[in-house]
Amino acid sequence: MASIGTNEMRVGVKIMVEGDPCVILDSDLVKPGKGQAFTRIKFRNIKTGRVLERTYKSGDSTEAADVLDMDLQYLYADGQFWHFMDPSSYEQHAADANAVGDAAKWLKEQDMCTATLWNGTPISVTPPNFVILKVTTTDPGVRGDTASGGTKPATLETGAVVKVPLFLEQGETIKVDTRTGEYVSRVKDGD
Amino acid sequence: MAPAPVPGGPDWAPSASLEHIRLRARLLQEIRRFFADRGVLEVDTPLLSQGAALDPHIESLVTRCGALADHALYLQTSPEFAMKRLLAAGSGPIYQICKAFRDGEAGRWHNPEFTLLEWYRPGFDHHRLMDEMDALMGTLLGTSPALRMSYREAFAGRLGVDPFDATAGELLGLARTMGLSGGTDLERDACLDFLFSLGVQPGLADRGAVLIHDFPASQAALARIRAGASPVAERFELFVGGVELANGYHELADAGEQRSRFEAELARRRARGLAVPPVDERLLAALAHGLPDCAGVALGVDRLIMVAAGAGHIDGVIAFPLARA
């Protein structure tokens, strides 16, 4: 894989640090007025999600990470892997539970997701910002019940549990913001 | 490496706010008044020179000019050499506010073209010059006289290691625990730079003004070296709020010693495959003629303004940093 020199270590650049693929969040020149120059980077380990800092001697280089973000269509899960397809090449990719993480509870067949691939293998999956899912189980709302703040829990077709307004009935379809896990609006059938 | 852009605004416009541009004007005016009150003469020396500084860590910008076709010309990295030639000619105490240029230095605290305030005091040693620095900072920033600490004390206090006695291996090991990455090892001095910048300097942030003095002899640059069990360079640095603002010396006046240091720097440049500019023979001739016993200091004016303004990026105090110059 290509080499990244300190003068190329910019925000967004993907490098290998101690065996893990990482993305640079910030970089700066550290240089005393009469001394050795260093490049200090803050980066996120794409595998673990941890944010760390490292410093390199200016002029030094490190291995670039073969990391790509791709828009993939979710196909199905087989219990062990979640399967996605690149709609432009029809190439399929299998992501394990680690890579899918929390996204699993939002994935509906045919939804487009963003996947981060390292050396061709998905290591992280982000669901679309908004998903449209059916409410499979929820109690009928009780009029005048304000103690719960006007919401009740609802289980969705993917298994996710979301707080919804009391008027919502089982079988209805809703829009959810996957970034917050919150109910956004009711979706009329046919929308 | 491109500096982070200051958000907002088309790039024909300055990245510094008009408020900061006015602050710069006020500080420059106060600096001139400070030196006028003290009888220090303002001088104006060339930015272009046939000679260059040889510090292996500093790269000069090179250019050419038809009027002197046979020579490469170097944009100065500081006005030091020209000002020492004036001192040798009997100028007395002098100061200059001017641009300096360093290739490749861009970042939150660096712009390749930047402004220096540099002044020289015949008859002062570095301690007396530190006193004057205290007075200047009091006037410009309202700071109290700086906390003074030797380089050795600063290291021992922060990192528990003696920068003079620790081996290169010990220093490198410590640096690696502090996040030094990459395949290449660091020489002893580079380790000290790393450990100081990342281990000692951040700890100075809540101390207001701090003057660190008596650097290891290996980091003497153009300072006199005081012999002893651990030879020290008669050098000091000013930090305000943890920001490196100034670098000062009890100046080396011995032409022979200066030539040796230049030769050593050239050798290091050759060893690293760096450009090898010519030695500034006119500076050496001036030293041979006789440089008065003096102390001198260079202060980064842009950084001074950053500290005064509480700015987080140098682009916020420079009208047109390189990316939009």
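How many residues of chain B are in contact with chain A, and how many of chain A with chain B? The legends below take up this contact and then turn to chain A. The model is predicted.

Figure 1. On the chain B side, 24 residues are in contact. They meet 22 residues of chain A. Two elements of chain B, α6 (188-200) and β11 (243-250), each supply at least two residues of the side that touches chain A. The largest share of that side comes from α6(B), with 6 residues. By class, the side of chain B that touches chain A holds 9 nonpolar, 10 polar and 5 charged residues.

**Figure 2. The domains of chain A.** The domain assignment divides chain A into domain 1 (3-63), domain 2 (67-126) and domain 3 (130-187). The centres of domain 1 and domain 3 of chain A, taken over C-alpha atoms, are separated by 44 Å.

**Figure 3. An open sheet of 5 strands in chain A.** The strand order is β14-β13-β12-β15-β16. Pairing is antiparallel. At the edges stand β14 (161-165) and β16 (182-187) of chain A. Each has a single partner strand, so one side of each is left without a neighbour in the sheet. On average, neighbouring strands of this sheet are turned by 50 degrees against each other, direction ignored.

**Figure 4. Close-up of β15 and β16 in chain A.** Strand β15(A) covers residues 173-177. With β16(A), strand β15(A) pairs in the antiparallel sense over 5 bridges. Lys175(A) stands opposite Ser185(A), a residue in β16(A). Strand β16(A) is also one of the edge strands of the sheet.

Conventions: Residues numbered from 1 in each chain as written. Chains lettered and ligands numbered in written order. Predicted model: local features only at pLDDT ≥ 70, side-chain atom pairs only at ≥ 80, totals over all residues. Pairing = 2+ DSSP bridges. Helix = DSSP H or I, 4+ residues; strand = E, 2+ residues; numbered from the N terminus. Axes fitted to C-alpha atoms, helices over the stretch in contact; angles between N-to-C directions. Domains from an automatic or database assignment. Contact = placed C-beta atoms within 7 Å. Nonpolar A, V, L, I, M, F, W, Y, C, P; charged D, E, K, R; others polar.
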